[in-house]
Amino acid sequence: MNISFFRALVLLISLLIINSGCESKPVSVDLGENGYQVASFSVFADSSRTINDHISHGNSSRLYLGALDSTRNSSILLRFNIDILGTHPDICSLPSDSIHYKSAFVHLKSISHFSDISDHDQQDQESSNQNENFPDGPDLNQVRAFWVDVSQYELDWDETSIFTYLPNDIVTLGNTNVDLSQLENESNATELQVVYVNSGINVYLKSIEDEVVNNSVLMDSLCGSTSNNEYAIILHYNSPNDLIEFYSSNYSTLSGQPYFKVKYEKYLTNSTAVNKYEIEDVVPIAFSSNGFVSVLDTTYENWGSIIAMEMDPDDPAWYELPPPETLISPIGYTETTFELLSFQIRPIFHDSDSTGKIIFYLSDVILANIDLDPSDDNFNILDSTGTEDNLQFDEYELFFDCGEDGICDEDEEGYQPDGTEGNLIWDDGELFSDTGVDSLFNWEEPDYDPITNPDPNGDDFNDDPSQDDWRDCGADDLCPDDDGYTEPDEGELNELWDIGEGLESNGHFDETELFWDYGLDGVEDINEPGYHETMNPDPSVDNWNSDTNPTGTQGNGIFDWIDQNDNAIHDVEDMFEVFMDAGLDTLWSFSEEGYNPYGKEGDGVHNLNEPFEDCGVDQFCDENPDEDDFVPDPVGDNFNSSDSTGTEANGALDWTDGNGNGIWDSGEGEEWFDWGVDQIQNESEPFYGGRQLQVSQSTHYFELNYPDEVEAQFEDLSIDTENGEEAAIWVSSVSPILGTDFLNVTISMNTTLPLHGFQLRLKHVPFMFSHTEFADVNTSLWQLDSEKIIDDISLYNLDLYPEADLESQNLVSYGLNLKTYLDFYGLQDFIAENPEAIISKAVVHFWIDTTHSDVHNNMVITLNRLTDFISLPADTLPMEPIKSLNLSNISNSSEILFDLKPHVQNLSYGVYSDYGLILEGNHNAYNFSLLTLYNHSDSDSLKPKLEILYSK
């Protein structure tokens, strides 16, 4: 397929998708050899309509309190799921003499915080005149809450219930009509205290008339309930202008849902740990008595800890890192067991401890090794093979190969490796001859003739031989990079075609350009649905005839277009016949003689072999001072193939030991470093200064059956070298100290590397005893075992639209339970006639009636497929979501597009059947946004429409 044909096909398909369609029958257009076809379906007028399916708004993620509009008010009804609450181990489960309720409230989180009252404390809010405390913002004093015994109404409800409304804010609760604005007059209602916090409101289970906080009465009533429908809390807001939004128990984030907070007292059993000994002293065995610190006070968290190093902590060298080699002395021995230290302890016997057994163990163990030559490459008297600090240069030792001057190129004066003059490469900005890769201008090429052979080598760049391509350059058709350009002119860079600019690909029909005189529908008679050579030669009735159809657009010899955007200019937004936007010569640039987009001569880009002036980006050669010269070797001492006498980068050490001290000094040539053949100085070698020895991470317990025994020997621990262990440490013995009631607890160890410092802590399993007391407990409950504690629903009048209005409109509103049902005429026949068709594109178009729509901030809508037949009107809708869209600002676009390619493909493959579509609102955003769509009673061009591009 050539490019021009493909462009024409795309344009034709887009025109067909935009313009085809008729309510009475689907349109299908065959696009010929490519196998693509387009089908268009409009909604079926007899069944497409608005549905009120009576699925309750109680599943919303939001609750509404206050004025919905000038005539409707919303209250909130909530209750506790007593069966779920009863599964809590304390609340409503403990007997009354084992629990005392001190405070209980339900918290509702508002979507907009009450920032105007955030500075007021709870005590202020509990005063009788809350209006004085909160004069700004919503009239919060009018928010009232009531504890209601709804069993008297025989009210059985859940979040799927629909409530009947009567005029004047009266709702039917069970068998009783209740005036929600007069709940204080109901004998079975108790007004509750409402406290406002920045995040919302707390509704206390406490009468507003109580002076003392006392939640026991209502909590006892709640816990004594036998069903969920005995008690409820009703919130009512008498303000005529304000509406407060809260998150409901169906909100997706748990932290935003209503919760029940209870503060109560109950008997709690607490366990207390007590030590079985005190540490009197620590006695060092393998290290200096000055070289350690210990913690013996039981009030400290790290009681029983010791840190030691074979150094005097009073010596300033203690704090030097790394410590001087002369101060490093190993502790104990290597490759043999030795005693490290002993703890002197005084056992404590507890009367309640029937065993008295003491179980010791060590924790927080760190064993440190100090090493000032980790690579073992230092030269010394004992190891003369060492190469570090041997005062001679050894092969492979590190040196700076900077030449005899001892200065590397980058430190030499005048070094400039980024200079562009004289670097033998073309730099962006340098002047060059745009000759092409043959290095010859046209007149230098053999057989050049300005008339008969202007480009002998055929290397000129030319992407528009006729010079008629549209460029957004203004009336003079000159852009900033063109020869002769002086200044911007009218129309330049306005992204619109202006008179004087090129005509090819300008998006406008120009005289002499070719067009297909098929009429505004873009379809030739033979391809129009229902075509028959004799019986129906003009199915779309658009053929021009001076007598019978003078307004016909097909075959009238005129390029027809309709100015859809009313700007009096033919542009791509208009409806028009298919044409070839190739300019007055009717040739695309690639078909014009001389087209050569791959030519290099005159393409404005420097190509390989094109001559250039290597003067640098300033375009001046040999200027004085010349600051852009390429200077990689200022003093000329680099070793290279043309100058083997250079000493910089020659790979050899050029050094003269002028004073004979065996080390490099300034002025003696190239600097080298006596760090050994590993080229690493001791201080940079891994583990220099010290590292932690690997010790078993397992906890080992050592048991003394005190007081029956006061002496014990414990088995030595071995070093598991196969698993990387380097040392072992353990409690090796317990023995009495004669003449005292103290015991010696000795710590022994073994190590494969010298030990220079350590940390450890002697711990034991303490004695635990329990005691019971009455104590405070604070509990906040959202759910128990993933089951909700609170059910809630907004109470407001839903019946705003009579059945006749629902039949004649397409409305979508979650809060009003309004959904739009769509049945596309002929779609089922299309699926049956095209099994396993390949769906390339499937789009549903909706056009919004912005005059009768009211969307707050944003509105989420979901298109669902019905999974079974329904009868209208319908109470329930068996459906499955296909796709959701977020409408953030409908004023900017009156059209909604849903991509239904996967859905239509599933229909074609027989994965499921077509029962129609349902468009509904989502409960996560503002529930009372209203979307009104143009429907079957409106203009054909505004009806919901499904268009499918497919192939067989």
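How many salt bridges does the structure hold? Hi everyone, let's start there: the structure holds 16 of them. Please keep in mind that we are looking at a predicted model.

First, some background. Side chains of opposite charge can pair when their charged atoms come close.

Now for some examples. Asp 69 and Arg 72 meet through their side chains in a salt bridge, at 2.9 Å from N to O. Asp 69 is partly exposed, with 32% relative accessible area, whereas Arg 72 has 9% relative accessibility; buried means under 20%, so Arg 72 counts as buried.

Next, find Arg 346 and Asp 741, whose side chains also form a salt bridge, 2.9 Å from N to O. This pair links distant parts of the chain, 395 residues apart: Arg 346 sits in strand β19, and Asp 741 in the loop between β26 and β27. Arg 346 counts as partly exposed at 29%, and Asp 741 counts as partly exposed at 46%.

Then there is Arg 865 with Glu 880, where the closest N and O atoms are 3.3 Å apart.

Finally, let's visit strand β11, residues 189–197. Seven of its nine residues are buried, so β11 is largely enclosed by the rest of the structure. On β7, it has an antiparallel partner over four bridges, with Trp 147 opposite Thr 190. Five bridges join β11 to β12, also antiparallel, and these two strands form a hairpin with two residues between them.

Notes:
Residues numbered from 1 in each chain as written. Predicted model: local features only at pLDDT ≥ 70, side-chain atom pairs only at ≥ 80, totals over all residues. Heavy atoms only, no water. Buried < 20%, exposed > 50% of the residue type's maximum accessible area, 1.4 Å probe, protein only. Pairing = 2+ DSSP bridges. Salt bridge = Lys/Arg side-chain N within 4 Å of Asp/Glu carboxyl O.
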